[in-house]
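Here is my notebook from a first walk through this structure.

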Amino acid sequence: DDVCANAMFRDPTEIVSDGDSLSIADTGNGIVRAVRSPLESACRVEPLAGAPLVRPRGLAWMLADPDHLYISDEGTNRIYRFTLSSTELAAIAGTGENDWQDSPVGLEAKFYQPQGIDSNGIVLIVADAGNRLLREIRLEDPFPVTTMAGQALSSGCVDGITRGTAARMRNPGCIAFEETGDSAFNKIFFCDEGCDAIRIVK
């Protein structure tokens, strides 16, 4: 880690901003890094969160919950919460197994190569790529996990007109949501690389 001009990354896959700094999932190096003062001559790259991360992929930070950065890690099949003020990194969901399972307790749920994530400060949406699902984690202890859309390990490019779990997807990745005034999800957009499509849950 060094001044920005000298910093080196390996397969960076995600970036979020809090207005002052950038957080970058440096996937190939197994670390999340911070870029301080990115538009100034004093710009520096520093380590932010490392082990037990193996292949961090998705990042989510939101104004409604400014002290926390959420991280999906496809190498450990877990979702982590990094507390910026204390630098504590803790798993909130996932057993670490390559599998599928919803659970009222996040650490008893199972993911398979989680990718993109996004949040409104109330729930976190996870693109569970290996299971071909969108999952929802409620951001209060014990972080219950439910399936929002798709059917586990069932591949296809089929919309679920009446319910999300009737849909099929192939490789869900990046996620973005449109938030209403009452902080509830109105629409969730996601990339489905396997279907060459941008899809929506509403």
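**Entry 1**

I started at Thr87, which is exposed because its relative accessible area is 55%. For that word I used these cut-offs: buried is under 20% relative accessible area, exposed is over 50%, and partly exposed is in between, with a 1.4 Å probe and protein chains only. Thr87 sits in the loop between strand S7 (78–83) and strand S8 (88–93). I took strands from DSSP runs of E with at least two residues, and helices from runs of H or I with at least four, numbered from the N terminus. The phi of Thr87 is positive, about 60°, although this residue is not a glycine.

Before going on, I noted that this is a predicted model, where local features need pLDDT of at least 70 and side-chain atom pairs count only at pLDDT 80 or more, while totals for chains, interfaces and linings use all residues. Residues are numbered from 1 along each chain as its sequence is written, and side-chain values use heavy atoms, with hydrogens and water left out.

Next I looked up Gln113, a residue other than glycine whose phi is also positive, near 60°. Gln113 lies in the loop between S8 and strand S9 (114–119). I logged Gln113 as partly exposed, because its relative accessibility is 36%.

Then I turned to cis peptide bonds. One joins Ala51 and Pro52, with omega about 15°, and Pro52 belongs to the loop between strand S4 (44–49) and strand S5 (56–62). Another joins Asp141 and Pro142, where omega is about 15°. I found Pro142 in the loop between strand S11 (133–138) and strand S12 (145–149).

**Entry 2: salt bridges**

How many salt bridges does the structure hold? I counted nine, taking as a salt bridge a side-chain nitrogen of Lys or Arg within 4 Å of a carboxyl oxygen of Asp or Glu.

I picked Arg36 and Glu46, whose closest N and O atoms are 3.2 Å apart. This pair links distant parts of the chain, with Arg36 in strand S3 (residues 31–36) and Glu46 in strand S4, ten residues apart. Arg36 is partly exposed at 32% relative accessibility, and Glu46 is partly exposed at 29%.

Glu74 and Arg57 came next, with a salt bridge of 3.4 Å, N to O. Glu74 is in the loop between strand S6 (65–73) and S7 and Arg57 is in strand S5, so the pair ties together parts that are 17 residues apart in sequence. Glu74 is buried, with 15% relative accessibility, whereas Arg57 is partly exposed at 23%. I also saw that salt bridges with shared partners join Arg55, Arg57 and Glu74 into one network.

Are Arg135 and Asp128 buried or exposed? Both are buried.

**Entry 3: pockets**

For pockets I worked on a 1 Å grid over the protein atoms alone: a pocket is an open set of points where a 1.4 Å probe fits, with protein on both sides within 12 Å along at least five of seven lines, and lining residues have an atom within 4 Å of a point.

The largest pocket holds about 280 Å³ of space. Its lining has 15 residues, and Gly160, Gly164, Ile200, Val201 and Lys202 lie nearest its centre. Strand S15 (197–201) supplies at least two of the lining residues, as does S12; the largest share, three residues, is from S15. I sorted the lining of the largest pocket into eight nonpolar, three polar and four charged residues.

The second largest pocket has a volume of about 210 Å³. Arg57 turns up again in this lining, which also includes Thr13, Gln115, Cys174 and Cys191. S13 gives the most to the lining of the second largest pocket, three residues.

**Entry 4: a surface patch**

Last, I looked at Phe189, Ile198 and Ile200, a nonpolar surface patch with about 290 Å² of accessible area together. Patch residues have over 30% relative accessible area and no salt bridge, and nonpolar side chains are joined within 5 Å. Phe189 lies in strand S14 (residues 185–192) and is partly exposed, with a relative accessible area of 35%.

Key:
Patch = residues over 30% accessible without salt bridge, like charges linked within 9 Å, V, L, I, M, F, W, Y side chains within 5 Å. Areas by Shrake-Rupley, 256 points an atom, 1.4 Å probe, with all protein chains shown as cover. Points joined across faces, edges and corners; volume = space filled by probe spheres on them. Nonpolar A, V, L, I, M, F, W, Y, C, P; charged D, E, K, R; others polar.
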